[in-house]
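Trainee: Could we go through this one together? I'd like to see how the labels follow from the values.

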Amino acid sequence: MSNVRHGAHSARLGVAQVCAAGVLWGTGGLVVSVLHEREGLGAMTVSAWRMLLAAAALLAFAAATRHLGATVALWRAHPVRTTLVGCGTAAYQALYFAAVLTVGVSVATVVSLGLAPLLAAAWEHARAGSRPSRRQVLVLGMAVGGLVLISVSAGHPASAPSGRPVAGLCLAVLAGAVYAATTVAGHSMAQRGTPIALTTVATSMGAVALAPFLAVTAWRGEPVGSSDPSSLLLLVYLGVATMALAYGLLYAGLRTTSGSAATVATLVEPLSAAALAAVLLGERLPAAGVVGGVLILAAVVALPAAHEAPAAM
């Protein structure tokens, strides 16, 4: 009985950690928008700085807490998997931002974030030879339905900004697939190393993958950085809070939470973004958006119980 209670407590804690990561990610969109309007920094430029600053902060933290040895050991033991997780994180950002610019924020968010939990759940059940329970199907339905309501109520233009909706949809589908695969792979790696070690290795690999975008941006004569102190602070916040801390929480949560459950829990990201816009920008969320938020929260609350015992096939 005590083991069962401990397992349930660990599952709830894991979901809470992943939700906290989603809340931090939800603040990132507003910061990126401010940096773009104020400094003219592109999405890929901000993403590259985000991962580079996060990697620097994590390496310093790992060294200060004597986790640097464990970090290096994890990479040496699993160089391919850790590199794939890091590059997958970088690729998801690139594909998602490209989808946003091509087909719009609403469609990109619904397709990429909505597809991820479905793909992750399908992979986990196919690998385990099981089928989802009715409660799991209900949780997925509530989460994806809530995401759709939140996204279409956010006031973003429905038409494709570039006039290439098919290309944008393909990019969003790829983003969702990469996000699902990265989360499932991160769940596997979370069992092999500490959250600090895994976050540091994965973020460092992602930073290496995105760093060339800064050189390309400079070569094209576009803005690469800023000398404004407030903008620099925003960049540091993006790297330390929405990347280093958020992914540390994600990988900590993945130690006791399945990849499919984690992709559902991170759907609080658009909910937190909408709440932040309402508080800071005075944007009012329509009734449909409120209903969507309630559905997402209900799905997250039901996650631990829904993932306790998948039905055998």
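Mentor: Let's start with the surface: the accessible surface of the protein comes to about 14500 Å², and 70% of that belongs to carbon and sulfur atoms. Such areas come from the Shrake-Rupley method with a 1.4 Å probe, and for residues only the protein chains shown count as cover. Keep in mind that this is a predicted model, where local features need pLDDT of at least 70, side-chain atom pairs count only at pLDDT 80 or more, and totals for chains, interfaces and linings use all residues. Residues are numbered from 1 along each chain as its sequence is written, and side-chain values use heavy atoms, with hydrogens and water left out.

Trainee: Why is Cys 19 called buried?

Mentor: Buried means under 20% relative accessible area, exposed means over 50%, and partly exposed is in between (1.4 Å probe, protein chains only). Cys 19 has 14% relative accessibility, so Cys 19 counts as buried. Buried residues make up 45% of the 313 residues in the protein.

Trainee: And what makes Cys 170 partly exposed?

Mentor: Its relative accessible area is 44%, so Cys 170 falls in the in-between class.

Trainee: What is the class of Arg 66, buried or exposed?

Mentor: Exposed, because its relative accessible area is 81%. Arg 66 lies in the loop between helix H2 (43-64) and helix H3 (68-77). It also has a positive phi of about 60 degrees, although it is not a glycine.

Trainee: How do you know what counts as a helix?

Mentor: Helices (H or I, at least four residues) and strands (E, at least two) are DSSP runs, numbered from the N terminus. That gives twelve helices and two strands here.

Trainee: Which residues make H3 and H8 neighbours in contact?

Mentor: Contact means heavy atoms within 4.5 Å. Ala 70, Thr 71, Leu 74 and Trp 75 in H3 meet Ala 197, Leu 198, Thr 200, Val 201 and Met 205 in H8. By class, this contact has seven nonpolar, two polar and no charged residues. Ala, Val, Leu, Ile, Met, Phe, Trp, Tyr, Cys and Pro count as nonpolar, Asp, Glu, Lys and Arg as charged, and the others, Gly among them, as polar. So the two Thr residues, Thr 71 and Thr 200, are the polar ones.
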